[in-house]
Amino acid sequence: MQPTASFKLAFLRHMLAGIRLAGGVSSAPGMSVLERKWAIKSAADIAMAFARGSRTGWSRALVADLSGQERNRALARSILGREQFERLSRPAHPPECSLLSGSKKILRRSSCRVRSRIRKRPPAPRRATSASLLAKRMVRKRTQVLRRLVPGGKALEDDASLLEETLDYVVFLRAQVDLMQHLTNALLEPSKCRYQY
Amino acid sequence: MSSRRSGSRITEDDLNELVAKLQSLLPEARRRSMGRASASKLLKETCSYIKSLQREVGDLSDRLSDLMSSLDDNSAQAELIRSLLR
């Protein structure tokens, strides 16, 4: 999946709506500098997730995470419009999606957190480890890091799904950076604005 | 996105294909610095790449926020935004 022209347009449209709602001095006079920065960052993520749609885990997770915070819900709803916001934040039911129900996922996530907090690993006995064992351990550790970085990564059942989600996420993350860069340039010098869709 | 049917076992080939795709996603400079690719190096570079992209989004958001707050209602930029939103 590569970013299509329709993705880019959808992203920009929602990004601009978010900027207008959250960014302008005249539209949101009471906002502090930090609030404005946060609001624009949230708008960028909502725009990216929405433009991607509900078929990928990371985009659904991003919307879920963002709308978990009450202050984000109002922003997301305003940017996307009530109907689209509701559609995207509803859990998807396609067969490719994880079969875990929402409550099980939450239980599993919280129990994982508790377990790792309580169980302090005792110092491992020193012994010669084979290179392949070390390599496996590194892969496991780094896979955990990846799960934390990719939205929704922690809920993915197997490493193959994680890799698929990562591939998609990176492609669209790059597009997000690219589009925001062009948007910034356009705002700095509107007369020089040139972009190939 | 993939041709893999849901519920079926992932094959060695599928996994290799995913890993190769991931490697090709990394920018040239990162791929070169990896040297001989191993699964663990690839994961490390991918994580580092994602973090740097996310940081860029944060920086660009800050810049946009500064830009927006310095716009006055009559500027060309404000007009550009208004026209784009119509």
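Predicted model: local features only at pLDDT ≥ 70, side-chain atom pairs only at ≥ 80, totals over all residues.
View 1. Five residue pairs are in polar contact between chain B and chain A, both residues at pLDDT 80 or more. Together the two chains bury about 4300 Å², and 77% of that area is on carbon and sulfur atoms. In terms of residues, 43 from chain B are in contact with 48 from chain A.

**View 2. Helices H1, H3 and H4 of chain B each give two or more residues to the side that touches chain A.** Their spans are 12-25 for H1, 39-70 for H3 and 76-85 for H4. The largest share comes from H3(B), with 25 residues. Sorted by type, the residues on this side of chain B divide into 23 nonpolar, ten polar and ten charged.

**View 3. Chain B on its own has four helices and zero strands.** Of its 86 residues, 35% are buried. Among the contacts in chain B with a separation of 6 or more, 6% are between residues 24 or more positions apart. The accessible surface of chain B comes to about 5400 Å², and carbon and sulfur atoms account for 46% of it.

**View 4. Glu45(B) sits in helix H3 of chain B.** Is this charged residue buried or exposed? Glu45(B) counts as buried because its relative accessibility is 13%, and the cut-off for buried is under 20%. Leaving aside residues up to four places away in sequence, Glu45(B) touches Leu26(B), Arg30(B), Ser33(B) and Met34(B).

**View 5. Glu28(B), Arg31(B) and Arg32(B) are joined into one network by salt bridges that share partners.** Start with Arg31(B), which forms a salt bridge with Glu28(B), their closest N and O atoms being 3.9 Å apart. Both residues lie in helix H2 of chain B (residues 28-34), three residues apart, or about one turn of the helix. Now look at Arg32(B), which also pairs with Glu28(B) in a salt bridge, again with 3.9 Å between the closest N and O atoms. Arg32(B) and Glu28(B) are four residues apart in helix H2 of chain B, about one turn of the helix.

View 6. Arg31(B) counts as partly exposed, at 30% relative accessibility. Glu28(B), the partner of both arginines, is partly exposed as well, with a relative accessible area of 46%.

**View 7. In chain A, Arg52(A) forms a salt bridge with Asp168(A).** The closest N and O atoms of Arg52(A) and Asp168(A) are 2.8 Å apart. This pair links distant parts of the chain, 116 residues apart: Arg52(A) is in helix H2 (residues 33-52) and Asp168(A) is in helix H8 (residues 159-188), both of chain A. Are the two partners buried or exposed? Arg52(A) and Asp168(A) are both buried. Over all chains, the rule counts seven salt bridges, including the Arg52(A) and Asp168(A) pair shown here.

Terms used
Residues numbered from 1 in each chain as written. Chains lettered and ligands numbered in written order. Heavy atoms only, no water. Buried < 20%, exposed > 50% of the residue type's maximum accessible area, 1.4 Å probe, protein only. Contact = heavy atoms within 4.5 Å. Areas by Shrake-Rupley, 256 points an atom, 1.4 Å probe, with all protein chains shown as cover. Buried area = accessible area lost by both parts, 1.4 Å probe. Polar contact = N/O pair within 3.5 Å; in protein donor to acceptor, adjacent residues only side chain to side chain. Nonpolar A, V, L, I, M, F, W, Y, C, P; charged D, E, K, R; others polar. Salt bridge = Lys/Arg side-chain N within 4 Å of Asp/Glu carboxyl O.
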